[in-house]
Amino acid sequence: MAPTEDAAAATPPPPPHFVIVPFVAQGHTIPMVDLARLLGSRGARVSLVTTPVNAARLRGVAGHATRAKLALDIVELPFPTDVAGLPPGIEHVDQVTNHNHCVLLFAALRRLAEPLEAYLRSLPPPRRPSCLVSDWCNGWTAAVSARLGIPRLFFQGPPCFYSLCDINAVDHGLHEQTAAARDDTEKFVVPGMPVRVEFLACYEAVLGKPVWALGPFCLANRGDAEATASRGNAPDVARQSAVTAWLDAMDTDDSVVFVSFGSLVRKLPNQLFEVGHGLEDSGVPFVWVVKESEAAAPEVAEWLAALEVRVAGRGLVVRGWAPQLAVLSHCAVGGFVTHCGWNSLLEAIAHGVPVATWPHFADQFLNERLVVDVLGVGVPVGVAEAAVMMLGDESAPVVAREDVARAVAALMGDGEEAGERRRKAKEYGEKAHRAMEKGGSSYESLTQLIESFRQSGGEKKTEDGTVHAWSPLKEQKK
Ligand code: UDP
């Protein structure tokens, strides 16, 4: 029986279907999974598209989604097997051990365009995608969305501060100037940056497209231990309990410094030793995360064991994947030595924890400027030049033990500056919590995002009432 007009009018439109394509690195996948859950918890249908090795890592996410009754599926695309030179099984950046494999991995990922298109075409009308949300590193999805006429949002992990600097640097020819610079440490002023900071509005204006500012996503799973535990690599339950018990035993709040450099940075032994000595010399209680690949060499394993004896009761070395969010939200933790990965910085600030900054690559140097110069919650360790140690490239230590000890002492000290950093971090933490609550800026932005795709199309109302219509075919500014 055909529906009457009245009945058709009474039928609510189907929920929007967001097809999310994360990039295959933890710092990208973790927040996009958080976004997927948030969309699902607000009634949208979500499909997370990835490859078999990565889908296996998301098993915990799938299990949690089923139990939480979210309309969230994990979709597996076949990984290309014929990319000459790429060893089988490498589908994630943290599996890569040399630059050549990294280039080949990107080439293989670009070839996912064809199976992605086939998947999207196969979806029946009620599940037709309303919108493709792809990581900013997955530029290969643009042609797919254009061919199928599906709106595409790019998910940009780093802050608008970084992106505005980047666009303004390109627009003002700064890259040519930096290429001609005398040395790598020369500094440049980025033109076109506002003095008083309204980055979101400026970035949206310069980009010429609507921007939905969401997050911090690390606060999305509060109170849901299963969801928190399935962020990133599968947690080692015994390790997690040991770290928590160690922190519980600390009787002073804000007394422990947490030291971790994200999911990709791998330090060579000589740099690792400088970190360890610096922590030991600082006299401050610490939890230090050393990756399994860093600790594997016998001389490192032996050195770490000796360090643990010397700092027993005051320092804890965690080998492998650490429960970072649980550590940063523990009341005993009062500072974080970080590589300035944007997720790490958000996780610290959202929990009111000030940072010591040690950037390594990509957006991390500008993220350092944001937290030190603009937000006033960071103290620099003092890295003068980019040291790309992401893949364990050979390089001399760039930070000496004295610098580590000095930065940790400054971060954790009792002085006026340290107190001010702490105060500001707590203030930003409270603002971050408010943003995620009903009525908060992120909550309302997410509502607007979902509503704008419910009927398909994608529109965004700005504060002055203007409505931006979003089109996947709209001319890119650059
Ligand atoms: N992370 C973690 N345990 C670890 C290492 C990393 O939980 O031992 C998480 C961390 O909480 C963050 C992400 O991995 O959510 C790292 O992202 P970030 O942007 O900080 O750095 P990247 O790894 O991309 O360099």
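Both faces of strand E1 are covered. His17, Val19 and Val21 lie on one side and Phe18 and Ile20 on the other, and all are buried. A residue is buried here if 20 or more other C-beta atoms lie within 10 Å of its own, exposed if 12 or fewer, and partly exposed in between, with C-beta atoms placed from the backbone. Five of the five residues of E1 are buried, so the strand is largely enclosed by the rest of the structure. Strands (E, at least two residues) and helices (H or I, at least four) are DSSP runs, numbered from the N terminus.

This is a predicted model, in which local features need pLDDT of at least 70, side-chain atom pairs count only at pLDDT 80 or more, and totals for chains, interfaces and linings use all residues. Residues are numbered from 1 along each chain as its sequence is written.

E1 covers residues 17-21. Its pairing with strand E2 (residues 45-50) is parallel and runs over four bridges. Two strands pair if DSSP finds at least two bridges between them. Val19 stands opposite Ser47 in E2. The chain crosses from E1 through H2 to E2, and this β-α-β crossover is right-handed. A crossover is right-handed if, with the strands pointing away from the viewer, the path from the first strand over the helix to the second runs clockwise.

E1 also pairs with E4. Four bridges join these two strands, which run parallel. Val19 has Leu132 as its bridge partner in E4. For Phe18, the partner in E4 is Cys131.

Now follow E4 itself. Five of the five residues of this strand (residues 131-135) are buried, so E4 too is largely enclosed by the rest of the structure. Cys131, Val133 and Asp135 point one way from the strand. Leu132 and Ser134 point the other way. All of these are buried.

Strand E5 (residues 152-155) pairs with E4 in the parallel sense, again over four bridges. Val133 has Leu153 as its bridge partner in E5. Between the two strands comes a helix. E4, helix H7 (residues 141-148) and E5 make a right-handed β-α-β unit.

An annotation covers part of this region. UniProt, in an unreviewed entry, lists residues 19-148 as "domain: Glycosyltransferase N-terminal". UniProt positions are given in the numbering used here, feature names are shortened, and annotations may be inferred rather than shown by experiment. Over residues 19-148 the chain is 47% helix and 15% strand. The end C-alpha atoms of that stretch are 13 Å apart.

Next comes the ligand. It is surrounded by 19 residues, the closest being Gly27, Gly262, Ser263, Gly341 and Ser344. A residue is near a molecule or strand if its C-beta atom, placed from the backbone, lies within 6 Å of it. Helix H2 (26-41), helix H16 (324-328) and helix H17 (342-350) each supply at least two residues of this shell. H17 gives the most, with four residues. The shell divides into eight nonpolar, ten polar and one charged residue. Here Ala, Val, Leu, Ile, Met, Phe, Trp, Tyr, Cys and Pro count as nonpolar, Asp, Glu, Lys and Arg as charged, and the others, Gly among them, as polar.

Some backbone details deserve a look. Cys340 sits in the loop between strand E9 (333-338) and H17. Its phi is near 70°, a positive value in a residue other than glycine. Cys340 is buried, with 28 other C-beta atoms within 10 Å. Ala362 also has a positive phi, near 55°. Ala362 is found in the loop between strand E10 (355-357) and helix H18 (364-374). With 18 C-beta neighbours inside 10 Å, Ala362 counts as partly exposed.

The peptide bond from Gly215 to Pro216 is cis, with omega near 5°. Pro216 lies in the loop between helix H10 (199-207) and helix H11 (225-229).

Trp303 belongs to helix H15 (residues 298-310). Trp303 counts as partly exposed, with 17 C-beta neighbours inside 10 Å. Trp303 and Pro269 are 34 residues apart in sequence but 9.7 Å apart in space, C-alpha to C-alpha.

Finally, the whole chain. The protein chain holds 21 helices and 13 strands. Of its 478 residues, 40% count as buried. Among contacts between residues at least 6 apart in sequence, 70% join residues at least 24 apart. Two residues are in contact if their C-beta atoms, placed from the backbone, lie within 7 Å.
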